[in-house]
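Okay, thanks for coming, everyone.

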Amino acid sequence: MTLRPWAALWEFLYKTWVIAELEARKLRHDPTELFTRAVQPALWLLIFGQVFARVRAIPTGDLSYLDFMAPGILAQSVLFIAIFYGISVIWERDLGVLHKIMASPAPRAALVSGKALSAGIRGLTQAIIIYALAALLGVDLNWQPQALLGVTVAVILGAANFSLFSLIIACLVKTRERFMGIGQVLTMPLFFASNAIYPIAIMPAWLQVVARVNPLTYIVDALRALMLSGGAPAFSLGVDFAVMSVTTLVLVIIAARLYPRVIV
């Protein structure tokens, strides 16, 4: 019997949530992973941010450099967590778990969406840590409920973007060594070719073009507008969330088509 559209949507969302909850359960077995992954962004804020705030070499308008940088470091943390997320799929394949998941009646799109949502949950734990650290450093944070909700959505979409991209890479390369090599090659260019630690306006013309097609740029832009009391988007929040949403949808479709290839 064919399900009604709303019933089919509810079933899809339920299966997505089941996969996400299954993935998130892993955090309870190794919660130290969250804190070890928070070390790098903490060092960026405590050392790089504090030093460049004193030098005042980068023009950031009405924002102090530390305020300007904090949303970029949150986006960096989300990127670093999500970009290596695909390696878990390779581990699951090697352990034989993935074959059982693939045999389930859940649609492939729900499987990859669940994993993307799980990456978003991990990203939110990093957001809590960075918010706490930024508050201790005197960053002028926006604590209004709508702003916090917007940051939550931006972090989830950002983590979903890069985790799905990571999953696609895992489906194509299929080995841990190649996956790690590609992931390490991609992280720094994505980070430095964005507006995370300096404005797009001071970049060379060719790098400005790269930054405008870099999805991390729009994640940072949304976070900067929502996270800070004096923050304002360089584009617009509508553009930022539209880019993140469309990119996520496209990557879900691609990842769902490629997902079975990881076990071949």
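**Helix packing and the core**

So, let's start with α8 and α11, whose crossing is left-handed; left-handed here is the near helix turned anticlockwise from the far one by less than a right angle, and right-handed is clockwise. Helices are DSSP runs of H or I, at least four residues, numbered from the N terminus.

Quick housekeeping: this is a predicted model, with local features needing pLDDT of at least 70 and side-chain atom pairs counting only at pLDDT 80 or more, while totals for chains, interfaces and linings use all residues. Residues are numbered from 1 along each chain as its sequence is written, and side-chain values use heavy atoms, leaving out hydrogens and water.

Back to that pair. The axes of α8 and α11 come within 9 Å and cross at roughly 165°, with axes being lines fitted to C-alpha atoms over the stretch in contact, and angles running from 0 to 180 degrees between N-to-C directions. The two helices are therefore roughly antiparallel, a label for angles over 145 degrees. On the α8 side, the contact (heavy atoms within 4.5 Å) includes A147, G150 and F162, and α11 brings in, among others, P215, L216 and M227.

α8 also packs on α9, at an angle of about 145° with the axes 10 Å apart. This crossing of α8 and α9 is right-handed. Here F162, F165, S166, I169, A170 and V173 of α8 meet R178, F179, I182, L186 and L190 of α9.

Now, the inside. What is the size of the largest nonpolar core? It has 59 residues, and L74 and I197 have the most contacts inside it. By nonpolar core I mean buried Ala, Val, Leu, Ile, Met, Phe, Trp, Tyr and Cys residues joined through side-chain atoms within 4.5 Å, and buried is under 20% relative accessible area with a 1.4 Å probe, protein chains only. Helices giving two or more residues include α3, α4, α8 and α11, and α4 gives the most, with 13. As for I197, not counting residues up to four places away in sequence, its contacts include W44, F48, Y65 and F192. Apart from this core lies another of 17 residues, among them A106, L164, L167 and A256.

Last one: α7 has 29 residues and reaches 43 Å from first C-alpha to last, close to the 42 Å expected. Just after α7, G138 takes a positive phi of about 90°.

Technical notes. Buried means under 20% relative accessible area, exposed over 50%, partly exposed in between (1.4 Å probe, protein chains only). Angles under 35 degrees count as roughly parallel, over 145 as roughly antiparallel, 65 to 115 as roughly perpendicular and the rest as oblique. The expected span of a helix is 1.5 Å times one less than its number of residues.
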